[in-house]
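Hi everyone, thanks for making time this morning. I'd like to walk you through a structure that may be new to you, so let me put it up on the screen.

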Amino acid sequence: MPRNYVYDQGFAQERTRLAGIESLWDPGTQSLLDDLGIGPGWRCLEVGAGAGSLLDWMTGRGATVMAVDIDTRFIEPLASDSIDVRRLDVRTDELPGGEFDLVHSRLVLEHLPERRQIIDRLAAALRPGGWMVIEDYDWTAFGLEGAGPELERVTQAILVFMQRFGFEPHYGRRAVADLAAAGLIEVRGEGRARVIDSSATGFEFFRLSFESLRGAIVDAGLISEEDAEAAAAHFGADIRVFTPIMMAAIGRR
């Protein structure tokens with residue numbers, strides 16, 4: 001993740017929040033990468049490795065991985081002969097050139113105003129013939145069923161707050177064009193979405209994202225403390241989430 005990342009890296013339940021992301025999206029990501037042929041001998045760059053679930057999966061396929069993030073506390077224990085963990089900022093820090101069979105990033109570039117330039121930098125890290133897969137949200141389809149108006153207001157407040165820090169809620173639908181503009185070939189895209197209730201592991205991503213940002217959006221005057229309290233109560237009730245669409249942009253150097 002980048003420096004100035006909007007979520008509080010000191011949030012006590014950050015590992016659980018990240019586990020919600022893994023539960024929701026790892027199966028689809030793994031299917032995409034299997035379709036590209038990831039296997040023995042592949043050298044992969046995982047950008048924004050988060051809690052590291054994909055690292056073990058990649059090495060289980062016989063690949064070696066360089067895992068980069070600005071917060072490496074959850075992936076440092078995974079470091080091994082097959083997993084090279086590095087703390088760096090993909091906007092400014094140097095990356096190896098022309099080395100990787102796969103560059104993968106999920107839910108990172110949507111937070112970075114410099115995303116177009118970063119894709120150029122990531123493309124340069126690919127070897128000829130290597131693949132790039134960028135996964136980011138398009139929030140168009142997001143919705144809550146069974147929630148009160150307070151939770152709807154909180155959702156909008158969170159998106160407004162994050163946009164102040166450079167977040168682009170619809171970047172997922174733009175990533176394919178950015179890969180094409182970077183000169184990649186065989187460029188294509190696809191999307192997937194989930195409908196989950198509060199019993200699903202992935203629900204914690206949405207609940208804990210709210211908890212992580214709750215104080216900041218109240219302090220910013222975007223919601224009242226009363227709305228924040230009511231939203232927290234609704235998150236504890238039986239509601240259903242229509243997730244954003246996870247868009248995947250795929251291209252080859």
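Let's start with a sheet: seven strands make up an open sheet with mixed pairing, and their order is 3-2-1-4-5-10-7. At its edges you'll find strand 3, residues 83-87, and strand 7, residues 185-192; each has a single partner strand, so one side of each is left without a neighbour in the sheet. On average, neighbouring strands here are turned by 15° against each other, ignoring direction. Please keep in mind that this is a predicted model.

Strand 2, residues 64-69, runs parallel to strand 3, and five bridges join the two. Within that pair, M66 stands opposite D84 of strand 3.

There is also an open sheet of three strands, in the order 6-9-8, with antiparallel pairing. Its edge strands are strand 6 (143-145) and strand 8 (195-197), each pairing on one side only. Here neighbouring strands are turned by 20° against each other on average, direction again ignored. Strand 8 pairs with strand 9, residues 240-242, over three bridges, and V195 sits opposite F242 in strand 9.

Conventions: Residues numbered from 1 in each chain as written. Predicted model: local features only at pLDDT ≥ 70, side-chain atom pairs only at ≥ 80, totals over all residues. Heavy atoms only, no water. Pairing = 2+ DSSP bridges. Helix = DSSP H or I, 4+ residues; strand = E, 2+ residues; numbered from the N terminus. Axes fitted to C-alpha atoms, helices over the stretch in contact; angles between N-to-C directions.
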